[in-house]
Amino acid sequence: MAITDVDPLVFVSYRRSDAAGHARALYRDLCRRFDKDRIFFDRESLEAGSVFPERLREGIQSCRVFLALIGPDWLDARSADGGRRLDREDDVVRQELATALDLGKAIIPVTFDDTPVPPASDLPPPLRALVDHDVLM
C-alpha cells in the first residue's frame, strides 16, 4: 500500500527493537477508528521498492499528528558499533522525529512500560524540543 492522494492523519514512529508489539497494537486500534490509508505505519504504508527515507519524509510532511512511541530502550538503543543510535544522524527514528519537529507537526510522545519522556539533556540537540510536547501514557 502506498501513500494515497489522501494525506495521512497520523504518522507512527517507533523503534522496532523497542516497541514493535506496542506499535502494531496501536496501528490496529487506529485502523478501527480511521481508514488505514490515513495512518502512516512504515511497512504497511510503503510499497516494495520505495525509496525508504524519501517515503518517510513524505509521510511526515503530509501527516497532521506524529506519534513518537517511547519505550524502555528507545533512548539507549545501540548500533552495531556500540554507540547510541539516537546520536547518529543516520538513525531513522532520529531523522523522523527531527523532521517532524522542524516542520512544526503536532507531536505526541506515547510512552509505555513506565517509560518517561527523556530529559532534554539526554537527547541530541535536534530532538530536545520533544520534551515540550505533552505526553500520552
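User: Before we start, what do buried, exposed and partly exposed mean here?
Analyst: Buried means under 20% relative accessible area, exposed means over 50%, and partly exposed lies in between (1.4 Å probe, protein chains only). This is a predicted model, in which local features need pLDDT of at least 70 and side-chain atom pairs count only at pLDDT 80 or more, while totals for chains, interfaces and linings use all residues. Residues are numbered from 1 along each chain as its sequence is written, and side-chain values use heavy atoms, with hydrogens and water left out.

User: Which helices and strands are there, and in what pattern?
Analyst: The chain has four helices and four strands, following the pattern β-α-β-α-α-β-α-β along the sequence. Helices (H or I, at least four residues) and strands (E, at least two) are DSSP runs, numbered from the N terminus.

User: How many salt bridges are counted?
Analyst: The count is eight, a salt bridge being a side-chain nitrogen of Lys or Arg within 4 Å of a carboxyl oxygen of Asp or Glu. One of them joins aspartate 29 and arginine 32 at 3.1 Å, N to O.

User: Is arginine 32 buried or exposed?
Analyst: Arginine 32 is exposed because its relative accessibility is 64%. Aspartate 29, at 43%, is partly exposed.

User: What about arginine 16 and aspartate 42?
Analyst: Their side chains form a salt bridge at 3.0 Å, N to O. The pair links distant parts of the chain, 26 residues apart, with arginine 16 in helix 1 and aspartate 42 in helix 2. Aspartate 42 has 9% relative accessibility and therefore counts as buried.
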